[in-house]
Amino acid sequence: MLLFLVAVTLLRIDSGRCGLPFYNGFYYDHVMNDKGNGNEEIHFNGVKLVVETPGDPVFTYRGANVTLSCHYHYDPQPDKPRMIRIKWSKLQEDSTTDKDVLVAAGPKHRDFGDFQGRVHLQQDSPRDVSLVIHDLRLDDRGKYRCEVIDGLEDESGIVDLELRGVVFPYQSPHGRYMLNFHEAKKVCEEQDAAIASFEQLFKSWEEGLDWCNAGWLADGTVQYPITFPRKPCGGKGLAPGIRSYGERHKNLHRFDVFCFSSDLKGEVYYLAHPWRFTLEDAKQACQDDKAEIAKVGQLYAAWQIHRLDRCDAGWLADGSVRYPIVWPRPKCGPPEPGVRSFGFPKHGRFGVYCYKMN
Ligand SMILES: *[C@@H]1O[C@H](CO)[C@@H](O)[C@H](O)[C@H]1NC(C)=O
């Protein structure tokens, strides 16, 4: 009877998909199917496949190497080793389909897209299928699914990878509320940053971020963080929190954006120089110093992570003028630490912040 049921299930899956059985994103080739005869399938019926991943998020920095832990076992342990397939994929915030990261069957591995050449399975022990990612990028953060597939059995676990870093609001040089979602993503990338996730904004709000202009987030919603409730920012009576405009039209609606930046591979510094520059001269001065004019995301990361503190206004690559203050003091802006901004001056001469790769 059991044998009959298994046979029917296999037939069902077999039909309707170009003759190849299809399951969870894999076409099983006949080699795989021939390995398991009917008896093994029946034996497998009483066996549970268990996949274990850590419950807490993994926190690290941009540029680091990270291991996303994933182990599996059978309960009870089968007598013979079984042929399995591993599939690691990344859940997409703005889409229902996952992004392939790596698939493995026996010694064969294949990696995909931006992950090519940066990922491998750890395999320190027989049932270890942890994923190692090298040289983490800002957009690597997110949820990863570790999927173990044994014939028709399929179990998976999720690992949450988060980066430590800093969230900063960004406004277009052309003024307030000028960016649609796609432009918002692009301006963050131009500042060596990525559009922030809700989790990142929430964490920054917990750390005291207060900003009264609404900005796009990676999930396509528009929100802003308020620590000190006041009339123009949702009302005085409303508790502190993240105010949300909800999901907005990605092409038609325009706001500011929240960007996220993490650790740097280089160093940001204020260029010591006897005179002040126009923007063009400032760019050249950094190049003459074998560096580049710094981007806004780099200045924020230097301020937050490397505690850069300098009470001198300097040009940045986007044409804005800013300076980073860790220890507030008289004549250096408001009493809270922060990156002060002079906006995008049309004229005037200032210092410059440069960025040099290590
Ligand atoms: C990451 O791993 C590569 C290759 O093993 C190594 O060369 C590099 O130094 C590592 N990076 C960090 C930040 O540990």
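1. Basis. The model is predicted, with local features requiring pLDDT of at least 70 and side-chain atom pairs counting only at pLDDT 80 or more, while totals for chains, interfaces and linings use all residues. Residues are numbered from 1 along each chain as its sequence is written, and side-chain values use heavy atoms, with hydrogens and water left out.

2. The chain overall. The secondary structure comes to seven helices and 25 strands; these are DSSP runs numbered from the N terminus, with helices being H or I of at least four residues and strands E of at least two. Of the 358 residues in the chain, 44% are buried, where buried means under 20% relative accessible area, exposed over 50%, and partly exposed in between (1.4 Å probe, protein chains only). The chain exposes about 18,800 Å², and carbon and sulfur atoms supply 53% of that area. Accessible areas come from the Shrake-Rupley method with a 1.4 Å probe; for residues, only the protein chains shown count as cover.

3. Contacts along the sequence. Contact here means heavy atoms within 4.5 Å. Among contacts between residues at least 6 apart in sequence, 61% join residues at least 24 apart.

4. An open sheet with mixed pairing has its six strands in the order 4-13-12-7-8-9; two strands pair if DSSP finds at least two bridges between them. Its edges are strand 4 (58-60) and strand 9 (108-111), each of which pairs on one side only. From one strand to the next the twist averages 20°, with axes taken as lines fitted to C-alpha atoms (for helices, over the stretch in contact) and angles running from 0 to 180 degrees between N-to-C directions. At one end of the order, strand 8 (residues 99-105) and strand 9 run antiparallel and are joined by four bridges. V103 stands opposite R110 in strand 9.

5. Another open sheet has the order 5-11-10, with antiparallel pairing. Strand 5 (66-68) and strand 10 (119-121) are the edge strands, each pairing on one side only. The twist in this sheet averages 25° from one strand to the next. Strand 10 is joined by three bridges to strand 11 (residues 131-133), and the two run antiparallel. Within strand 11, L131 is the residue opposite L121.

6. Strands 3 and 6. Strand 3 (residues 48-52) and strand 6 run antiparallel, with five bridges between them. V50 stands opposite H73 in strand 6.

7. Helix 7. This helix (residues 296-305) is mostly covered, with eight of its 10 residues buried. The buried residues are V296, G297, Q298, L299, Y300, A301, A302 and W303. They pack against several strands, including strand 14 (166-170), strand 19 (256-261), strand 20 (266-270) and strand 25 (351-357). Just after the helix, R307 takes a positive phi of about 55°.

8. Strand 25. Five of the seven residues of strand 25 are buried, so the strand is largely enclosed by the rest of the structure. Strand 20 runs antiparallel to strand 25, and five bridges join them; the bridge partner of Y270 in strand 25 is Y353. Strand 21 (residues 292-293) also runs antiparallel to strand 25, through two bridges, and E292 stands opposite Y355. Strand 22 (residues 314-315) runs parallel to strand 25, again with two bridges; here W315 stands opposite V352.

9. For the side chain of H134, the corresponding distance from a ligand oxygen atom to an N or O atom is 3.2 Å. The protein covers 27% of the 360 Å² of accessible area that the ligand has on its own.

Terms used:
Polar contact = N/O pair within 3.5 Å; in protein donor to acceptor, adjacent residues only side chain to side chain.
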